[in-house]
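Here is a friendly walk through one fold, taken feature by feature. Please have a look at the chain before we start.

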Amino acid sequence: MSVQREAVGSGWVQKFSDYLRYERRYSEHTVRSYEGDVESFLAAQFPGVTEDDALQSASRGAVREWMAAMVQEGLASTTVNRRLAGLRYFFRYLQREGVVKVNPTLGLTRLREPKRLPVSLRQAEAERLFSEVDYGEGWQGKRDRLLLLLLYSLGLRRSEAAALCWNDLSKGYTTVRVRGKGDKDRVLPVTDELAEALGEYGRAVAAEFGSAVYRGVVFLTDGGEALGDGRIYEKVKAYLGQVTTQSYRGPHVLRHSFATHMLEDGADILSIKELLGHSSLSSTQVYTHVDAETMRAAYVHAHPHARAGRGRDGK
């Protein structure tokens, strides 16, 4: 399904993007995602048609055909559902602006999605990540270790880590202010280990680039520029590869590990919700399923009755 952006125009799509960017204050990644969802639909169902004509012609049937085509192309149900949600949001915006009278996505149900639990490290793997992995010498090594420690100790999203500035940290590094999704701030406590790592890295990077670094973002490239989401992903993936063999090794593994390990150690789910910056409890409750799976695995492995059951099944 090719996206022909020039064929569908950019009037209301651009206005929608500006609304998300400047009024809703969504991240650039989120804005581009919504924009891509809308343009994918318009280009697939109304190729060569002007944007205004396409918007007035959009129907529930056209949306259903678009979804069916994505399924036939082999796209995952999660991807199809995400694109449908983006299109639904766009037409809701158009209704509010008086551009269309009916939202063509209404009445369409999401595709069933396979149940997928968050991927996390085992606690022993997390310990090895900070006790055995070699991060290298110099200020860059301190930066890399601090980056992973920050993601794991605070459960940050990689975009939050990339945007973190020195002035977000309190004096003495006791707390940190994090700006999350929807421009919502949360203040998190900083552990002694993390505070020590921040101090060591701060002194090292200031010695390299001068004290002016304290006026900008925390994580810098070797050339003194902001590290950015892409480089953060690459670094985390490389270091996690030294302690785990699981296929997905992105920064979100550390966020999932933070939540899972806290739950395993007795933290209540409401506290975890606030620390993660989730807007709804349902987003956090997935970790209760992870903990249940962990307990079940431990039971099957260790309990005499479970072992006896495996013997009867021949497993």
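**Reading helix pairs and cores**

Q: How is helix 2 passed against helix 3, in a left-handed or a right-handed crossing?
A: A crossing is left-handed if the near helix is turned anticlockwise from the far one by less than a right angle, and right-handed if clockwise. Here the crossing of helix 2 with helix 3 is right-handed. The helices themselves (H or I, at least four residues), like strands (E, at least two), are DSSP runs numbered from the N terminus.

Q: Before we go on, what kind of model is this?
A: This is a predicted model, in which local features need pLDDT of at least 70 and side-chain atom pairs count only at pLDDT 80 or more, while totals for chains, interfaces and linings use all residues. Residues are numbered from 1 along each chain as its sequence is written, and side-chain values use heavy atoms, with hydrogens and water left out.

Q: At what angle do helix 2 and helix 3 pack?
A: Axes are lines fitted to C-alpha atoms, for helices over the stretch in contact, and angles run from 0 to 180 degrees between N-to-C directions. Helix 2 (residues 11-23) and helix 3 (residues 28-45) pack at about 160°, with axes 9 Å apart. Helix 2 is therefore roughly antiparallel to helix 3; angles under 35 degrees count as roughly parallel, over 145 as roughly antiparallel, 65 to 115 as roughly perpendicular and the rest as oblique.

Q: Which residues make that contact?
A: Contact means heavy atoms within 4.5 Å. Helix 2 brings V13, Q14, F16, S17, L20 and R21, and helix 3 brings E28, V31, Y34, E35, V38, E39 and L42. By class, the contact of helix 2 with helix 3 has seven nonpolar, two polar and four charged residues (Ala, Val, Leu, Ile, Met, Phe, Trp, Tyr, Cys and Pro count as nonpolar, Asp, Glu, Lys and Arg as charged, and the others, Gly among them, as polar).

Q: How do the axes of helix 8 and helix 11 cross?
A: They come within 11 Å and cross at roughly 90°, so helix 8 is roughly perpendicular to helix 11. In this pair, R143, D144, L147, L148 and L151 of helix 8 meet I232, K235, V236 and Y239 of helix 11.

Q: Which residues touch the most other members of the largest nonpolar core?
A: A nonpolar core is a set of buried Ala, Val, Leu, Ile, Met, Phe, Trp, Tyr and Cys residues joined through side-chain atoms within 4.5 Å. Buried means under 20% relative accessible area, exposed over 50%, partly exposed in between (1.4 Å probe, protein chains only). In the largest core, of 52 residues, those residues are L129, L147, L148 and L254. Helix 8 gives the largest share, nine residues. Apart from this core lies another, of 29 residues, with F16, V31, M70 and Y93 among them.

Q: Is K142 buried or partly exposed?
A: K142, found in helix 8, counts as partly exposed because its relative accessibility is 35%. Leaving out residues up to four places away in sequence, K142 touches E200, Y201 and A204.

Q: How many helices and strands does the protein have?
A: The protein has 15 helices and two strands. Of its 315 residues, 42% are buried.
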